[in-house]
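Subject: Structure handover

Hello,

Here is the structure we talked about. Please open it and read my notes alongside.

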Amino acid sequence: MNKKPGITGLIALFLLISCSVIGEDEEVFYLKTDNSYLPVYVRGNPDARSYIIWTHGGPGSSGLYYGDIEEISALHKDYRIVYWDQMGSGGSTGNPDKSDYTVEEFALHQDGIVKAVLNRYDPENLFLLGHSWGGFLASWYLIAEGDEELASERQGRFNGVILLNPVLDISRSITDGISYIRDDYAPSQIETGQDVVKWESALLWYENHVDNGLLMGRDVATHYQYIEDAGGMLVQRDRNDELTAELAPKMLFFSAFHFYDYYNNQNTIRTHMDIADKSLAREDEPNLSSITLPTLFLAGRDDKIAFDYMSEEWFDLLGSHSGTAEERAEYFKMYEDCAHAGFLDAPDQFLEDVSVFIESHL
């Protein structure tokens, strides 16, 4: 007589399926903070000489998501990549207080990830990569709030850092992004009869939500959606649709982490993480000049979050380069037909530049 599987059997089957995406040479562990557990997913070549710690964007994205994108996973052949989910992001769990959502706290978590990788794997070479907001967090961590001794200690752990479409002056990025939509893109769309109702609604939304030139909390996410709709997030927008169709079911049904955590975290971090006034480009505050570590800076000409002129200025602020034309050509890459995701809009250039940088700094 055939029996229907009981609840226990279904749970066991689900867990078996959920773990199937963790490859034989991959590893998952958690970093425990005071109030959270942060998942760490180690992928790529287990015999690689070089490790890359990948700090994801957002706030509120997921490091685990990046590792399933083939334009990034192409790096797995030669390198070991450590993806992790920040507090209130991806598959992180726990019960953090709203007061925990500060850059200072997140930098301590970044430090914990770095120390865990060093202690667990003792890599021959170690690189730090930060994308978007992750570029800000990685830089903030390296600068150590102006503590020169601590900054030297932290930077001394790495061969180099890769800043991928980093947002290093968040307040300026948001104010200029608001201006781009309100003064340029939306009026041009309305004038040419493109999505008139949508962009008239956008102008009304900004009128009701901008406070002293800035947006705070969840409003920043709405603003970024308008930037995305205007093409300032990704030029290859069809590729984004393909990734959504490909990876969303995988995350939902085959992920090692509960999909509920991801969506619950998105709501929480966007409510409590107010970073709209943060900058690493102000002369009277600890800034990018404190980073003396070899730095590869990857930017996008069509990026409307980390605007091209901002990226050029941020690179010039770095203390790791003397400003010669030769150094700029080697360490600063401005990708054409590229917005805020260089690995998707310019994948071949991204892979080549990252590989050349790593191999040049062993």
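Ile53 stands opposite Leu128 in β6. The two strands concerned are β3 (residues 50-55) and β6 (residues 125-131). β3 and β6 pair in the parallel sense, over six bridges. Pairing here requires at least two DSSP bridges between two strands. Strands are DSSP runs of E with at least two residues, helices are runs of H or I with at least four, and both are numbered from the N terminus.

A word on the source. This is a predicted model: local features need pLDDT of at least 70, side-chain atom pairs count only at pLDDT 80 or more, and totals for chains, interfaces and linings use all residues. Residues are numbered from 1 along each chain as its sequence is written, and side-chain values use heavy atoms, with hydrogens and water left out.

Back to β6. Seven of its seven residues are buried, so β6 is largely enclosed by the rest of the structure. Buried means under 20% relative accessible area, exposed means over 50%, and partly exposed lies in between (1.4 Å probe, protein chains only). In a regular strand, side chains alternate between the two faces of the sheet. Asn125, Phe127, Leu129 and His131 point one way from β6. Leu126, Leu128 and Gly130 point the other way.

Next, β7 (residues 160-164). Five of its five residues are buried. Gly160, Ile162 and Leu164 cover one side, with Val161 and Leu163 on the other. β7 pairs with β6 in the parallel sense over five bridges. β7 also runs parallel to β8 (residues 295-300), joined by four bridges. Leu163 of β7 is the bridge partner of Gly130. In β8, the partner of Leu163 is Phe297.

Now the helices. α8 (residues 196-209) and α9 (residues 218-229) pack at about 150 degrees, with axes 12 Å apart. Axes are lines fitted to C-alpha atoms over the stretch in contact, and angles run from 0 to 180 degrees between N-to-C directions. α8 and α9 are therefore roughly antiparallel, a label for angles over 145 degrees. Contact means heavy atoms within 4.5 Å. α8 contributes residues including Trp199, Trp205 and Tyr206, and α9 residues including His223 and Tyr226.

Best regards

Notes. Parallel < 35°, antiparallel > 145°, perpendicular 65-115°, else oblique.
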